[in-house]
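Open the model in your viewer and keep the sequence panel beside it.

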Amino acid sequence: ECYLPAKKRKYGYFVLPILWKGQFIGRCDPKADRKTKMLNINYLMFEPDVHSVKQMMPGLARSLKALAKFNQCDHVHIMHAQSANIKNTLQEQLDKH
C-alpha cells in the first residue's frame with residue numbers, strides 16, 4: 001500500500017505478513033527510526049480466524065528483534081495493535097531480552 005495515498009491505505013505504508021507454521025496469520029507495519037535506533041511497529045493485526053496469539057508472542061518478538069537488528073535499531077516499540085492485550089503482551093516479550 002506504499003503507492004496509495006495515506007487516507008486510502010487499509011493496513012499501512014509498508015505492511016509485512018506474519019507467518020506461523022507456514023500459515024498467514026497477520027500483518028505488521030514497521031518503520032525504522034535510525035536516529036533513535038527504534039523500530040516502531042505502527043500497527044499489528046491478526047487475521048479474524050486467529051484466536052490464540054499468546055503462544056506466538058515469543059517467536060514474534062524474536063522475529064521483530066531480528067528485523068530491528070537488520071535495520072540497525074536497538075529497540076522495538078509497539079505503537080498500535082488491534083487490542084491493548086496484544087500490544088502489552090508483545091511489548092512485555094520484547095522488553096524481556
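Is Lys-37 buried or partly exposed? Select Lys-37 to find out. Its relative accessibility is 41%, so Lys-37 counts as partly exposed. Bear in mind throughout that this is a predicted model.

**Stop 1: two lysines in loops**

Stay on Lys-37. This residue sits in the loop between β2 and β3 (38-46).

Now select Lys-21. Here the loop is the one between β1 (16-20) and β2 (23-33). Lys-21 also has a positive phi, about 55°, although it is not a glycine. Its relative accessible area is 72%, so Lys-21 is exposed.

**Stop 2: helix α2**

Select residues 84-96. This is helix α2, with 13 residues. Draw a distance from its first C-alpha to its last: the helix reaches 18 Å, close to the 18 Å expected at 1.5 Å a residue.

Which residues of α2 are buried? Colour Ile-86, Thr-89, Leu-90, Gln-91, Gln-93 and Leu-94, which are buried in α2. An α-helix has 3.6 residues a turn, so residues three or four places apart point the same way. Keep that in mind as you look down the helix axis.

Next, show what covers these buried residues. The cover includes β3, α1 (57-70) and β4 (75-78).

**Stop 3: the largest pocket**

Select Pro-17, Ile-18, Leu-19, Leu-60 and Ser-63. Among the 14 residues lining the largest pocket, these lie nearest its centre. The space there is about 240 Å³.

How many residues of the lining of the largest pocket are charged? There are none; the lining divides into twelve nonpolar and two polar residues.

**Stop 4: the second largest pocket**

Move to the second largest pocket, with about 150 Å³ of space. Select its lining: Tyr-13, Phe-14, Leu-16, Asp-29, Pro-30, Lys-31, Ala-32, Leu-39, Asn-42, Leu-67 and Asn-71.

Which strand gives the most to this lining? Colour by strand and look at β2, which gives the most, with four residues. β2 and β3 each supply at least two.

Finish by colouring this lining by residue class. Seven of its residues are nonpolar, two are polar and two are charged.

How values were computed:
Residues numbered from 1 in each chain as written. Predicted model: local features only at pLDDT ≥ 70, side-chain atom pairs only at ≥ 80, totals over all residues. Heavy atoms only, no water. Buried < 20%, exposed > 50% of the residue type's maximum accessible area, 1.4 Å probe, protein only. Expected span 1.5 Å × (residues − 1). Contact = heavy atoms within 4.5 Å. 1 Å grid on protein atoms, 1.4 Å probe; cavity = no way out; pocket = protein on both sides within 12 Å on 5 of 7 lines; lining within 4 Å. Points joined across faces, edges and corners; volume = space filled by probe spheres on them. Nonpolar A, V, L, I, M, F, W, Y, C, P; charged D, E, K, R; others polar.
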